[in-house]
Amino acid sequence: MGADMTRAVVSPNDGRAFAHWRPDAPAHAERLLQHLAPRRRALAGDCQLRREILEGCIKGLQSARSELVALVVREVGKKPGEADAEIDYAISFLDHCLVLLDNIEFEQTIAPGRLVTDVGLGGAFLICPFNDPVAGLTRKIAPAIAAGCPVIVKPSSLAMLCARAMFRAFRQAGVGSEVQLLATGDPELAGRVLRHDEIDMVSFTGSTAVGRELAAACAAGGKKSVTELGGNCPFSVFSDADVDRAVRDLLDRKLKAAGQACSSVNRVFVEEEIYAAFRERLLECVSAVTAGPSDLGADLGPVRTRKAADELVDVVIRVREDGERLLTAEPHKVGDDSPFLFPLTVVESDRDSFFDRYETFGPLLSIRPFSRREDLLARLSCERHALAAYFYTGAPDAIQPHLGEMRFGSIGINSTAIQGAEVPTGGFRDAGIGREGGIWGMREFLTTVNCRLGA
């Protein structure tokens, strides 16, 4: 689609277009790239300028809070409470990087005449997903600016109105060309930006397939890439666990953003001694979940697109053909001018399941029993999409010695609250390379200059 053609914005809450946006032309992208070198030089060594930019971003988000919350609900389909909480989450990344700037020593004297300085890598291209349309941007912007890297942000086409409102608020708060927005859904134009000499690193959140292509392109151009590529996250319940708490936390995590999160739960493994009780309690709670437009008070809002909802129906058909058992009502494809709803659906899987190879990016869940903890832990240690894992047990001390061998980027024991601005998130293997959050996320945008001072 050319830059002269507008893109319709369809709300998942009713399946209807309510706005349009116009993609940026290649000439606009070139102008954005021309700003990178002078802004990189301005940011280098100027921590006060970095603070002012972060503070301006915070001021902008605070001033535009009501508008952004309404857009997150209408454009992306999050529930109002989730949308409001996302603004706080977005600000927390900016706040934390301000704290880091006040505490990091960018210059260190290693020995007499030996000075090592941490410096920004250079221009950064930030490619963001739709499911956190505000916080997904500040999670990348904040550490880049704190490190001294000017950025070009490419949001998802499915969250462009949120991004544009966010950047308008930034400009009104005085944030300059150190933070720039590229509105495009054109992979070719994004590739041209990525390959430009002034882009020194790329941070990407998205699918494994696209992430691999991007990482290969970065490697070919001598650029650094940081990628979060999704996760097929397991939720393991041991026989000594509090079943009610495990079910409550499982559903709370799964219902957020209609299951459209890389760290959402996809597979549940339950020790066979309590499997029947867990299954009964889970299905009882699932039967009480209401699904509907996110702005009308339902427990479960819509998925972002009609295609996503219909593909989840296809997955259920596929696994039933493979002999797995549907434990909840039969889902159906979305009708015309209808919300993009997919009900919370539970499938009972066998030992080898389609769900072990497929990330259910939505409110679709598989459960199965296991008999030996040793076998389960060995199985999980071989995961390819090793982003996050959750364990529920009455004896958490017995799990902790196995954390290193698990090789998941984040592990929750009797909790699914694994994320936060001050902690690292990311994965192993097909779940991506690098980390976001905390000092670890900021380090991804830094490198060093080693200076020897002669007599």
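1. Start with the largest pocket, which holds about 1300 Å³ of space. A pocket here is an open set of points on a 1 Å grid over the protein atoms alone, with protein on both sides within 12 Å along at least five of seven lines. Its volume is the space filled by probe spheres set on the points, which are joined across faces, edges and corners.

2. Before you go on, keep in mind that this is a predicted model, where local features need pLDDT of at least 70, side-chain atom pairs count only at pLDDT 80 or more, and totals for chains, interfaces and linings use all residues. Residues are numbered from 1 along each chain as its sequence is written, and side-chain values use heavy atoms, with hydrogens and water left out.

3. Y89, D132, R253, K256 and Q419 lie nearest its centre, out of 29 lining residues. Helix α4 (80-103) gives the most to this lining, with five residues. Helices are DSSP runs of H or I, at least four residues, and strands are runs of E, at least two, numbered from the N terminus.

4. Lastly, look at the open sheet ordered β3-β4-β20, with antiparallel pairing (strands pair if DSSP finds at least two bridges between them). β3 and β20 each have a single partner strand, so one side of each lacks a neighbour in the sheet.

Key:
On a 1 Å grid over the protein atoms alone, a cavity is a set of points where a 1.4 Å probe fits but cannot get out, and a pocket is an open set with protein on both sides within 12 Å along at least five of seven lines; lining residues have an atom within 4 Å of a point.
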